[in-house]
Amino acid sequence: MQLGLVGLGKMGGNMRERLRRAGHTVVGYDRNAEIADVHSLKELVDALPTPRVVWVMVPAGAPTQATVDELGELLSPGDVLVDGGNSRWTDDIKHAEALAEKNIGFVDCGVSGGVWGRDNGYALMCGGDAANIEKVQPIFDALKPEGPAGFVHAGRVGAGHFAKMVHNGIEYALMQAYAEGWELLEAADVVTDVREVFRSWQEGTVIRSWLLDLAVRAMDDDEHLESLRGYAEDSGEGRWTVEAAIDHAVPLPAITASLFARFASRQDDSPQMKMIAALRNQFGGHAVTAASTHKGADAPGADTTPPKEADAG
């Protein structure tokens, strides 16, 4: 296939590489001209044969809205636009309805895999009409891990990002559990090697996981995580998960508590948040704050606004 890819950040750039390795032609656009193949959305659209497939990997909210609006004026009937960023699922419905008026298909795709996806593959959760999914399927097949798992057509438009939202909510709770256990072990004088306790859990235990492996990796780099400030951002999807739980009257005590724990990290140098920050850096390449250079959450000039994470897994 030939694919247009908008947004070549941490995940978008790696996705371009994985697709090219699989034999697909990818025309990439990014505001950073040094990494782009073309220098405008119009040039990207003009470079693709019809029917076109254009995949968008930009920050959720206004940047995605502006990109979808511009592409809606450039694409032709029969083309398909895929939003693979971390958009809110309710935005997908608006995008699909607006594009449908021009006979342009829309697929929402939650993407997980972080900075490791280029080599290991990405988990893909997609929503939309079956006909539009089919047009993109060769791309999905190239991006997913080898084997039967890793891709799902989750339902109608919005289902892909809703599934990814819940995935990220679960991720919040899992990381929080590891972080709480790590802090307790660090606080107990009877335990003399916390890192090796975590390492011993990597085989044979019921709590072994990739996140556990990444926790050990982080402690191999910095045994007591002393170089990190106990501060962890949230990308927004944890909030949306809790809001959806309220809308559906579904109790989510663990996920909700893990979100609130991140808020607490902005008030104090939380030991638990050192582990959360380390894990987010390990699996997604997210930025960390050095322990010696931070401003307190209530200090003048401290930024407490959650960042927009365009393509974090």
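## Cysteines

The sulfur of Cys109 lies 3.2 Å from the closest cysteine sulfur, that of Cys126, which is too far for a bond, since a disulfide requires a pair of cysteine sulfur atoms within 2.5 Å. Cys126 is accordingly in no disulfide, and the count for this predicted model comes to zero disulfides.

Both partners of this pair are shielded in the model: Cys109 is buried, with a relative accessible area of 0%, and Cys126 is likewise buried, with a relative accessible area of 0%.

## The sheet

Seven strands form an open sheet with mixed pairing, in the order S2-S1-S3-S4-S5-S6-S7. Strand S2 (25–29) and strand S7 (151–155) stand at the edges, and because each has a single partner strand, one side of each is left without a neighbour in the sheet. From one strand to the next, the twist averages 25°.

Within this arrangement, strand S1 (residues 2–6) pairs with strand S3 (residues 53–56) in the parallel sense over three bridges, and the bridge partner of Gly4 in S3 is Val54. Helix H4 (residues 89–100) lies across strand S4 (80–83) and strand S5 (105–112), and runs at about 150° to S5.

## Packing of H11 and H12

Helix H11 (residues 253–265) packs with helix H12 (residues 271–284) at an angle of about 105°, their axes being 10 Å apart, and the two helices are therefore roughly perpendicular to each other. On the H11 side the contact is made by Ala261, Arg262 and Ser265, and on the H12 side by Met273, Ile276 and Arg280. The residues of this contact of H11 with H12 divide into three nonpolar, one polar and two charged.

How values were computed:
Residues numbered from 1 in each chain as written. Predicted model: local features only at pLDDT ≥ 70, side-chain atom pairs only at ≥ 80, totals over all residues. Heavy atoms only, no water. Axes fitted to C-alpha atoms, helices over the stretch in contact; angles between N-to-C directions. Helix = DSSP H or I, 4+ residues; strand = E, 2+ residues; numbered from the N terminus. Parallel < 35°, antiparallel > 145°, perpendicular 65-115°, else oblique. Contact = heavy atoms within 4.5 Å. Nonpolar A, V, L, I, M, F, W, Y, C, P; charged D, E, K, R; others polar. Buried < 20%, exposed > 50% of the residue type's maximum accessible area, 1.4 Å probe, protein only. Pairing = 2+ DSSP bridges.
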